[in-house]
Amino acid sequence: MTDSGKATGAIEAVAEAAAASGRWQRAGIVGAAIGVVAAGAAAGVALERATVGRGMRKRARLALDLAGPYGSLRGVPGRVTAEDGTELYYEVEEADPAAADAAAPPRRWQIFRRGGQAPPLTVVFSHGYCLNQDSWHFQRAALRGAIRAVYWDQRSHGRSGRGKDQADGEPATIDQLGRDLKAVLDAAAPEGPLVLVGHSMGGMTVMAFADQFPDLVDARVAGFAFVGTSSGRLASVTLGLPAAGARALRALAPGVLRILGTQVDLVERGRRATADLFAGIIKRYSFGSDVDPGVARFAERMIESTPIDVVGEFYPAFTEHEKSEALDVLDGLPGLVLAGDKDLLTPSEHSRAIAERLPDTELVVVPGAGHLVMMEHPELVNTHLAALLAEAADASRAPVPQALRELAVPRPATPDRAERVVSGGA
């Protein structure tokens, strides 16, 4: 069956279920499908588990929720207030000082030294749309104790508060997220070199931060990593749909999401009632290959936890996002751009465009991987990220343990070796 045929079949199946239950008649099933697209899980997949009973699927989900360790790692909690009064939640994990090896000779960042002691390198992780800081679970597990790390929940996501401006009717913007990141840095990492890591919307947040605070980037940022993200032109993304369907989606989605945002209780009941149907949709738009069922369920839980009105608040910001020129602020820094070649939400062509703008950056394209590549192929992402962190630590003369160096894969020495197409087992 073609992708368009799968999409039609999926939507028709959901419509039949909705008609039988009567739960979504007021909101409209087409609008509900579009809402799932905006949440990072669009219509376009066959109902691969249609032969499995609903009760069995529900029991399986509950079992995975109870048994799965994913998202259970926690650090020292902290909170900071954004410029509009929104409370932002973050967690800090400190490096084990006993594990640090000798620092490399100083280069550009001698400014970081204070009384002969170099402040530690801090890596700050920004998550994507409709996710939360737990989406970095596998990177967090690999890096614990090896390096100082900050994980935070973007406004209206995870444990952070709902956006105050959005509650007052103001639109969510990527620039605002960049200023939120600045607030988190001021509170959780006020000194020392930084490596900024962002996935999807989180990568856009880093770009907006660089655009608005170039002097801070020049003074403190020692490296960056963009995972499955884009610097612009997102309005042209088809989400794997036929051209006509993609055009209709772009035209209808903002208005439909606004309507759904006024019917939160109704829509959430509908999402729960058809959770087994949307699980396949979420899987298609999150992963490019088969993953452990516990990992797939972990992604479902994060997406399901994002209220539909939050989905609607943020969706328009992506079509307005354009930060290609802001990338110039990061030029010359150690950088990693990593993407899956089956990513339907931020296609790998967008990562290639970022790497072309930053010729010293390593580009890694993972065949068969989807949007949540850091959860789909965590070992691969971890090795490339560890290499970036080791390089940034050496450049800033920050201590880094030998275990981190052993985790790392060698980074390309010259720009002409910067692009790699690697398998999930590499």
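Student: In which sense do strand E7 and E8 pair, and over how many bridges?
Tutor: This is a predicted model, and in it strand E7 (residues 335-340) pairs with E8 in the parallel sense, over 5 bridges. Within this pairing, Gly 340 stands opposite Val 366 in E8.

Student: How does the chain cross from E7 to E8, then?
Tutor: The chain passes through helix H14 (residues 348-357), and this β-α-β crossover is right-handed.

Student: New topic: is Thr 122 buried or exposed?
Tutor: Thr 122 is buried, because its relative accessible area is 1%, and the cut-off for buried is under 20%. Thr 122 lies in strand E3, which covers residues 122-126.

Student: What does the side chain of Thr 122 make a polar contact with?
Tutor: The partner is the side chain of Arg 148, at 3.2 Å. Leaving aside residues up to four places away in sequence, Thr 122 also touches others, including Val 150, Ala 189 and Leu 194.

Student: What pLDDT does the chain average?
Tutor: The average is 79, and 66% of the residues score at least 70. Over residues 102-115, however, the pLDDT is below 50, although this stretch has 33 contacts in the model beyond near neighbours in sequence.

Student: What about residues 414-418?
Tutor: The pLDDT stays under 50 there too, and the model has 7 contacts for these residues beyond four places in sequence.

Notes:
Residues numbered from 1 in each chain as written. Predicted model: local features only at pLDDT ≥ 70, side-chain atom pairs only at ≥ 80, totals over all residues. Heavy atoms only, no water. pLDDT = per-residue confidence, 0-100. Contact = heavy atoms within 4.5 Å. Helix = DSSP H or I, 4+ residues; strand = E, 2+ residues; numbered from the N terminus. Buried < 20%, exposed > 50% of the residue type's maximum accessible area, 1.4 Å probe, protein only. Polar contact = N/O pair within 3.5 Å; in protein donor to acceptor, adjacent residues only side chain to side chain. Pairing = 2+ DSSP bridges. Right-handed = clockwise from strand over helix to strand, strands pointing away.
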